[in-house]
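Visitor: I have not seen this one before. Could you walk me through it?

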Amino acid sequence: MNQVKSPGMSVDYEKETAPPTLKAHVLRRLRDAIIAGRYKPGDRLNESKLARDFEISRIPIREALMTLQEQGLVMNHERRGMFVTMLEEEDVQRINSLRVVLEAEALKLCRIHMTPEEADRLTALVNEMEVWEQGAEMEAAALDLAFHREVWRASGNPYLVKALDALATVLFAHKALENASVETKQWRLHHHRELLDVALGRSEVSPEDAVIAHLRTGYENPDRYASHTLEGRGVAPSKSDAPTHQALGKIKTDKGKKNE
């Protein structure tokens with residue numbers, strides 16, 4: 001039986017569908033190992049050791065690590081190597097304060113450049129998030145990121161897209177590593193229609209307030225370092241600051257009704 005070893009596991013090709021390339025196989029196994037906690041935030045991913053563990057050359061390992069870096073799961077520290085992403089709370093809050101500004105601008109531009117085709121794409125993503133129930137650990141985060149990236153792309157400003165991709169992707173990966181329940185992940189995915197309504201011009205909520213309210217579904221005080229907070233100016237109150245027991249209970253109830 002043909003097997004390839006990876007850290008803490010073996011892969012049986014007769015029991016699962018193999019990815020089309022060795023790089024894709026390594027990428028999947030490393031990503032799953034990080035998300036499963038076999039590699040902790042801050043752990044170094046030594047290229048030579050990984051190559052020995054997988055019993056392959058270092059080239060596909062290097063390529064997989066570069067892709068994981070693009071996805072935000074791995075960070076490259078100069079002269080030290082690749083490490084599993086680890087963000088301090090202040091890092092998260094400072095990045096989110098910039099997201100408020102940049103994503104609000106992306107929403108405004110998206111609304112200006114909106115086309116029927118783009119509206120269909122964004123609506124389809126929101127519909128998909130609202131019926132998500134349970135899947136691979138990264139599936140919820142991938143759907144979430146896909147929606148935001150579509151908004152960024154629809155802004156028509158490639159430099160804005162690059163800035164948000166560099167800043168925000170690591171937050172999506174960081175959130176994916178969080179040990180959140182399925183209900184909490186569902187609750188967060190179900191709070192994108194408000195952003196969609198702003199992008200489609202169907203809401204009177206300002207883009208800034210919409211982004212802050214959205215960030216509060218996943219973070220406490222996401223605008224702590226934003227200028228309006230530091231200057232003592234308030235923002236519109238959010239009705240979705242945290243997933244309440246009632247909100248999570250409603251998700252479970254709705255899910256139960258579907259299964260009846």
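**Helix 8 and onward**

Guide: In helix 8, the buried residues are Thr184, Lys185, Gln186, Trp187, Arg188 and Leu189. Buried means under 20% relative accessible area, exposed over 50%, and partly exposed in between, with a 1.4 Å probe and protein chains only. Helices (H or I, at least four residues) and strands (E, at least two) are DSSP runs, numbered from the N terminus.

Visitor: What kind of model is this, and how are residues numbered?

Guide: This is a predicted model, where local features need pLDDT of at least 70, side-chain atom pairs count only at pLDDT 80 or more, and totals for chains, interfaces and linings use all residues. Residues are numbered from 1 along each chain as its sequence is written, and side-chain values use heavy atoms, with hydrogens and water left out.

Visitor: Back to helix 8. How many of its residues are buried?

Guide: Six of its eight residues, so helix 8 (residues 182–189) is mostly covered.

Visitor: Which residues have the most contacts inside the largest nonpolar core?

Guide: Leu107, Phe147, Val151 and Trp152, in a core of 31 residues. A nonpolar core is a set of buried Ala, Val, Leu, Ile, Met, Phe, Trp, Tyr and Cys residues joined through side-chain atoms within 4.5 Å.

Visitor: Which helices supply at least two residues of this core each?

Guide: Helix 4, helix 5 (116–131), helix 6, helix 7, helix 9 (193–199) and helix 10 (207–215). Helix 6 gives the most, with seven residues. A second, separate core has 20 residues, including Val26, Ile56, Leu65 and Val74.

Visitor: What does leucine 107 contact, leaving aside neighbours within four places in sequence?

Guide: Leucine 107 is in contact with Val151, Leu195, Val198, Ala199, Pro207 and Val211. Contact means heavy atoms within 4.5 Å.

Visitor: And histidine 148, is that buried or exposed?

Guide: Buried, because its relative accessible area is 2%. Histidine 148 lies in helix 6 (residues 137–154). Not counting residues up to four places away in sequence, histidine 148 touches Arg99, Glu103, Phe172, His192, Leu195 and His214.

Visitor: At what angle do helix 4 and helix 7 pack?

Guide: Helix 4 (residues 89–112) and helix 7 (residues 158–176) pack at about 130°, with their axes 10 Å apart. That makes helix 4 oblique to helix 7. Axes are lines fitted to C-alpha atoms, for helices over the stretch in contact, and angles run from 0 to 180 degrees between N-to-C directions. Under 35 degrees counts as roughly parallel, over 145 as roughly antiparallel, 65 to 115 as roughly perpendicular and the rest as oblique.

Visitor: What sort of residues make that contact?

Guide: By class, the contact of helix 4 with helix 7 has 14 nonpolar, two polar and three charged residues. Here Ala, Val, Leu, Ile, Met, Phe, Trp, Tyr, Cys and Pro count as nonpolar, Asp, Glu, Lys and Arg as charged, and the others, Gly among them, as polar.

Visitor: New topic. Where is glutamate 55?

Guide: Glutamate 55 is in the loop between helix 2 (47–54) and helix 3 (58–71). Its phi is positive, about 60°, although glutamate 55 is not a glycine. Glutamate 55 is exposed, with a relative accessible area of 57%.

Visitor: What about arginine 79, buried or exposed?

Guide: Exposed, at 79% relative accessibility. Arginine 79 is in the loop between strand 4 (74–77) and strand 5 (81–84), and has a positive phi of about 65° although it is not a glycine.
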